[in-house]
Amino acid sequence: QGRDKKKCSRCKVTWYCCVEHQKDDWKKHKRACNDRYQADQYTLHKREFDRIIKKYGLDSEQKSEEISTFLTSDPKGVNAPQFAEKFGLLVEEAVVFLEWINVGVKFKEQSIDTAKHAGLG
C-alpha cells in the first residue's frame, strides 16, 4: 500500500494516496507547500552562492571591498557579463552571485524600513 502513495511534486513532503485527494487538499496545502518550496529555493541558491565564493576566493576582505566598489561604481548598475569578466566567473555564476547580493540588499532595506516604522531608526 505504501508504494501506491505519491509525494507532492512541488514540496516533496506531503504524501497522497491519489491525485484526486491531492487536488482536493490543494487549497489547504498550497501555503505550506509554497513556503517549503521557497525555502528550498533559497537554500539551493545560497549553497550555490557559497560554492562560487569558495571557488573564486571571493571571501577575503580585499575581494569583498573590490566587489563592493565595483558594484557601486556605476549608477546604472552592473550586469552579469561585466561582473563575470571583472572577477573571472562564468556568466551563469555571476548571475547567481548578483541575484544573491540583491536578496541581501532587499533584506537589509526591509529590515531598515521595519526598524523605522517601529521607531527604532
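Author: A disulfide here is a pair of cysteine sulfur atoms within 2.5 Å. This is a predicted model: local features need pLDDT of at least 70, side-chain atom pairs count only at pLDDT 80 or more, and totals for chains, interfaces and linings use all residues. Residues are numbered from 1 along each chain as its sequence is written, and side-chain values use heavy atoms, with hydrogens and water left out.

Reader: OK, how many disulfides does a search of the whole structure find?

Author: A disulfide is a covalent bond between the sulfur atoms of two cysteines. For the sulfur of Cys-8, the closest cysteine sulfur is in Cys-33, at 3.7 Å, and that is too far for a bond. Cys-33 isn't in a disulfide either, with the sulfur of Cys-8 as its nearest. Searching the whole structure, the number of disulfides is 0.

Reader: Is Cys-33 buried or exposed?

Author: Take the cut-offs first: buried means under 20% relative accessible area, exposed means over 50%, and partly exposed is in between (1.4 Å probe, protein chains only). Cys-8 has a relative accessible area of 3%, so Cys-8 is buried. Cys-33 has a value of 0%, which makes Cys-33 buried.

Reader: What does His-29 touch, leaving out residues up to four places away in sequence?

Author: His-29 is in helix H1; helices (H or I, at least four residues) and strands (E, at least two) are DSSP runs, numbered from the N terminus. His-29 counts as buried, at 6% relative accessibility. With contact meaning heavy atoms within 4.5 Å, the residues that His-29 touches are Cys-8, Cys-11, Thr-14, Tyr-16 and Arg-36.

Reader: Which non-glycine residue has a positive phi near 60 degrees?

Author: Look in the loop between strand S1 (6-7) and strand S2 (15-16). The residue with that phi, and not a glycine, is Lys-12.

Reader: How far from the ring centre of Tyr-37 is the charged end of Arg-10?

Author: A charge sits over a ring if NZ of Lys or CZ of Arg is within 6 Å of the ring centre and within 35 degrees of the ring normal. The charged end of Arg-10 sits over the ring of Tyr-37, and its distance from the centre is 3.8 Å.

Reader: On to the rings: why is the pair of Tyr-42 and Trp-100 edge-to-face or stacked?

Author: Rings of Phe, Tyr and Trp (its six-membered ring) pair if their centres lie within 6.5 Å; planes under 30 degrees apart are stacked, over 60 edge-to-face, and the rest tilted. The structure holds 7 such pairs. In Tyr-42 and Trp-100 the centres are 6.1 Å apart and the planes are at 70 degrees, so the pair is edge-to-face.

Reader: How many residues apart in sequence are the parts that this pair ties together?

Author: Tyr-42 is partly exposed at 39% relative accessibility, while Trp-100 is buried at 15%. Tyr-42 lies in helix H1 (residues 19-56) and Trp-100 in helix H4 (residues 91-117), so the separation in sequence is 58 residues.

Reader: How do H3 and H4 lie: roughly parallel or roughly perpendicular to each other?

Author: Axes are lines fitted to C-alpha atoms, for helices over the stretch in contact, and angles run from 0 to 180 degrees between N-to-C directions. H3 and H4 pack with their axes 8 Å apart, at an angle of about 110 degrees. Under 35 degrees counts as roughly parallel, over 145 as roughly antiparallel, 65 to 115 as roughly perpendicular and the rest as oblique. The helices H3 and H4 are therefore roughly perpendicular.

Reader: How far apart in space are Ala-94 and Phe-83, C-alpha to C-alpha?

Author: Ala-94 of H4 and Phe-83 of H3 are both among the residues making the helix contact. Ala-94 is buried, with a relative accessible area of 0%. In sequence Ala-94 and Phe-83 are 11 residues apart, and in space the distance is 6.2 Å.
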